[in-house]
Amino acid sequence: MIQFLYQYVNKGSLRTLSFILAIILTLVLLFNFNLFSTQLRTTNPFWVIFILWGVVCGWIHGIGFEINRTFWQIVFFPYFGYFAFLFAMVVHYT
């Protein structure tokens with residue numbers, strides 16, 4: 001099942017989306033670090049780890065890294081990364 005879902009996401013347009021979202025969230029972390037860290041300081045540390053994990057998922061999927069093992073495909077599944085990006089943007093801009 002995960003092989004099918006991962007191959008469905010393994011398309012060029014979704015890889016480009018992952019790459020662009022990873023760049024945006026990385027730039028937000030780097031250039032607006034004070035505001036971003038101030039807002040994240042009051043949240044649960046697990047949410048911060050979740051956002052960073054989403055950035056890692058975005059970079060891995062966006063640069064085209066091929067994952068062969070099913071376990072690692074589950075850990076770095078791009079839809080989890082997209083959800084983390086969405087959560088990070090909601091936390092950052094509200």
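**α4**

I started with α4, which has 18 residues and runs 26 Å from first C-alpha to last, close to the 26 Å expected at 1.5 Å a residue. The expected span here is 1.5 Å times one less than the number of residues. Helices (H or I, at least four residues) and strands (E, at least two) are DSSP runs, numbered from the N terminus.

This is a predicted model, so I kept in mind that local features need pLDDT of at least 70 and side-chain atom pairs pLDDT 80 or more, while totals for chains, interfaces and linings use all residues. Residues are numbered from 1 along each chain as its sequence is written, and side-chain values use heavy atoms, with hydrogens and water left out.

Next I listed the buried residues in α4: F50, I51, G54, V55, C57, G58, I60, H61 and G62. Buried means under 20% relative accessible area, exposed over 50%, and partly exposed in between (1.4 Å probe, protein chains only). After α4 comes G64, with a positive phi near 90°.

**Whole chain**

I count 6 helices and 0 strands, in the order α-α-α-α-α-α along the sequence. Of the 94 residues, 36% count as buried. The accessible surface is about 6,000 Å², and carbon and sulfur atoms hold 75% of that; areas come from the Shrake-Rupley method with a 1.4 Å probe, and for residues only the protein chains shown count as cover. Among contacts (heavy atoms within 4.5 Å) between residues at least 6 apart in sequence, 80% join residues at least 24 apart.

**Cores**

Which residues make up the largest nonpolar core? I found I2, Y6, V9, C57, I60, I67, F76 and F77, 8 residues in all. Such a core is a set of buried Ala, Val, Leu, Ile, Met, Phe, Trp, Tyr and Cys residues joined through side-chain atoms within 4.5 Å. The elements giving two or more residues to this core are α1 (2-9) and α4, and α1 gives the most, with 3 residues. Another core of 7 residues lies apart from this one, with A22, I51, F85 and A88 among its members.

I60 is in contact with R15, F65, I67 and F76. H61, also in helix α4, counts as buried at 2% relative accessibility. H61 has contacts to Y6, V9, N10, L14, R15, S18, P78 and Y82.

**Salt bridge**

How many salt bridges are there? The count comes to 1 salt bridge, taking a side-chain nitrogen of Lys or Arg within 4 Å of a carboxyl oxygen of Asp or Glu. The pair is E66 and R15, with the closest N and O atoms 3.3 Å apart. E66 sits in the loop between α4 and α5 and R15 in helix α2 (residues 12-31), 51 residues apart, so the pair links distant parts of the chain. R15 counts as buried at 12% relative accessibility, whereas E66 is partly exposed at 44%.

**Surface patch**

Last, I looked at F19, I63 and F65, which make a nonpolar surface patch of about 310 Å². Patch residues have over 30% relative accessible area and no salt bridge; like charges are joined within 9 Å, and nonpolar side chains (Val, Leu, Ile, Met, Phe, Trp, Tyr) within 5 Å. I63 lies in the loop between α4 (45-62) and α5 (70-75) and is exposed, with a relative accessible area of 58%.

Notes: Lists of a residue's contacts leave out its neighbours within four places in sequence.
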